[in-house]
Amino acid sequence: MSIEPAAIAALRATLRGTVLLPGEAGYDAARVVWNGMIDRRPGAIARCHGVADVIDAVKFARAHGLLVSVRGGGHGVAGHAVCDGGLMIDLAAMNAVRVDPAAQRAWAQGGATWGDVDCETTAFGLATPGGLISTTGVGGLTLSGGVGWLRGSAGLCVDNVMSADVVLADGRMVHASATENPDLYWAIRGGGGNFGIVVMFELRLQPVAPLLMLCNALYPEARAAELLPLWRDFMQTAPKQVSSLAQFATLPDDAALPPHARGQRILALAAIYDGPADEGERVLAPLRHFGTPLHDLSAKLPYRTIQQLYDPMFPKGRDRAYFRSLYFPALDGELIAKIAACAGQRPSPMDQASVWHFGETVRGVAADATAFGDRSQPWLFSTDAFWSSADDDAANIGWVRQSWEVLRPHSNGRLYTNFLAGHEGETGVVRNGMGADIYDRLARIKAKYDPANFFRLNQNIPPA
Ligand SMILES: Cc1cc2nc3c(=O)[nH]c(=O)nc-3n(C[C@H](O)[C@H](O)[C@H](O)COP(=O)(O)OP(=O)(O)OC[C@H]3O[C@@H](n4cnc5c(N)ncnc54)[C@H](O)[C@@H]3O)c2cc1C
């Protein structure tokens, strides 16, 4: 990027926030995103403090023909929040959340994290579905779907977006709701950051009990082929308040764990019950008694604490990461055996492989109601590689891709775009992953709202 110093000075004079250039204090910290593989150097970083700053940053980038990246929570595994050479529009300082307890609504700015939202909403005994890590951004997670602990009772994040304020590629801000710009409202509930910068989300809230039962029963991984069918059968008849995932992982060598569990490869059966904790304890009890777990970390905890429980495992910028996912219509014995075999080959002790269950609340939403698309598949499988050294890139990325190829014949080819890292050199991954009908409809809406593909650093849908 080459911009006249006078133009940067003018941008600085316009913004309430700051503009950071390479070499300046704060620049290097601001360009760090969650995935430690991503090391990009924007030509400038606009740290926006409000909608006016976002509008000015967009207009500035257009006027100077700059590539733009948008940073919400900075957690995107693909690293799209930061660009090389262009303008990074950084929303991190726009993290205010307002709650209307009577209306059971929250308004979250585009750079808020789920930790920001949970803090404000649970103060009123309310919650909305987020992800499983509190440092993840509301922006990226919601715009592509949003799968969290409350999906059993409240669905995906997109199912709880009532409206949004969106700054478009031409610098105009528009409101998107069921009655205003309904095509844009449909598109931002699954189509990612393709359509503009969401500066405000209006989210539906629901009451949450003071304590929820979290089941976290850790079984030896060697029992996976026996346990996954038991878990599957349990989930198929579980009440809708139950949200669960089965996760292959390796326990750390941590003094907080009993000696026999440290460093062990496990299958964790994790679940929450969205209701009174005592009731949840009874409902979830079977998951904790499929024989004797290696260790049982189940507990009754506030929702906000559950949301922060895994945060220490995922610090910003430390680990390298690569994710990919698939949806499955059924978990039969052959597929379970293949999943266990793929998970068993994970090369790093930090790697994880998870099966997430989508219950009737998620699946009950029509395929064309949101750009998230088809909900008919009850099982979302994700291979999530995390490792420390660049020397191990090939082994970890190879494991994710190899597992995906082995398991893909059991799926309809759809995937969750929030669990998708690079797919260079492969054509059609995003189109097949979203579903061709959804993708093509999104491409037509993109042509209306962003015909020049100004917002292209994302799981991109070029304009039709
Ligand atoms: C450790 C880890 C755990 C995760 N857990 C979950 C989980 O439990 N459930 C789940 O569903 N997903 C999960 N994810 C995936 C997560 O949803 C995505 O990584 C998501 O993109 C992160 O959003 P962000 O705003 O933090 O990311 P960013 O990197 O800031 O943004 C990602 C994309 O969204 C766009 N974007 C962000 N904010 C805005 C905005 N306000 N307006 C317009 N575009 C915007 C960006 O431009 C970029 O293209 C997890 C990811 C990681 C790394």
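Let's start with an open sheet of four strands, ordered β1-β2-β4-β3 with mixed pairing. Two strands count as paired if DSSP finds at least two bridges between them, and strands (E, at least two residues) and helices (H or I, at least four) are DSSP runs numbered from the N terminus. β1 (18-20) and β3 stand at the edges with a single partner strand each, so one side of each has no neighbour in the sheet. From one strand to the next, the twist averages 20°.

This is a predicted model, where local features need pLDDT of at least 70, side-chain atom pairs count only at pLDDT 80 or more, and totals for chains, interfaces and linings use all residues. Residues are numbered from 1 along each chain as its sequence is written.

Back to that sheet: β3 and β4 (residues 87-90) run parallel and are joined by four bridges. Here S69 stands opposite M88 in β4. Helix α3 lies across β2 (44-47), β3 and β4, and runs at about 170° to β4. Axes are lines fitted to C-alpha atoms (for helices, over the stretch in contact), and angles run from 0 to 180 degrees between N-to-C directions.

Now for the other sheet. Five strands form this open one, in the order β5-β6-β10-β8-β9, with antiparallel pairing. Its edge strands, β5 (97-100) and β9 (173-177), each pair on one side only. The twist here averages 15° from one strand to the next. Antiparallel β5 and β6 (residues 105-109) are joined by four bridges, and D100 has R105 as its bridge partner in β6. Helix α3 (residues 51-63) turns up again, packing on this sheet and touching β8 (161-167), β9 and β10, with its direction at about 50° to that of β8.

How is the protein divided up? The bounds come from an automatic or database domain assignment, and they look like this:

| Domain | Residues |
|---|---|
| domain 1 | 5-90 |
| domain 2 | 97-208 + 440-449 |
| domain 3 | 212-419 |

The C-alpha centres of domain 2 and domain 3 lie 24 Å apart. Where they meet, 34 residues of domain 2 are in contact with 28 residues of domain 3; contact means C-beta atoms, placed from the backbone, within 7 Å. On the domain 2 side, the elements giving two or more residues are α4 (114-122), α5, α6 (151-154) and α7 (182-187). The largest share, five residues, comes from α4. By class, that side has 16 nonpolar, 14 polar and four charged residues. For the classes, Ala, Val, Leu, Ile, Met, Phe, Trp, Tyr, Cys and Pro are nonpolar, Asp, Glu, Lys and Arg are charged, and the others, Gly among them, are polar.

Next, a helix pair. α11 (residues 333-344) and α13 (residues 393-407) pack at an angle of about 170°, their axes 10 Å apart. They are therefore roughly antiparallel to each other, a label for angles over 145 degrees. K338, I339 and C342 of α11 make the contact with S403, V406 and L407 of α13.

Terms used. Two residues are in contact if their C-beta atoms, placed from the backbone, lie within 7 Å. Angles under 35 degrees count as roughly parallel, over 145 as roughly antiparallel, 65 to 115 as roughly perpendicular and the rest as oblique.
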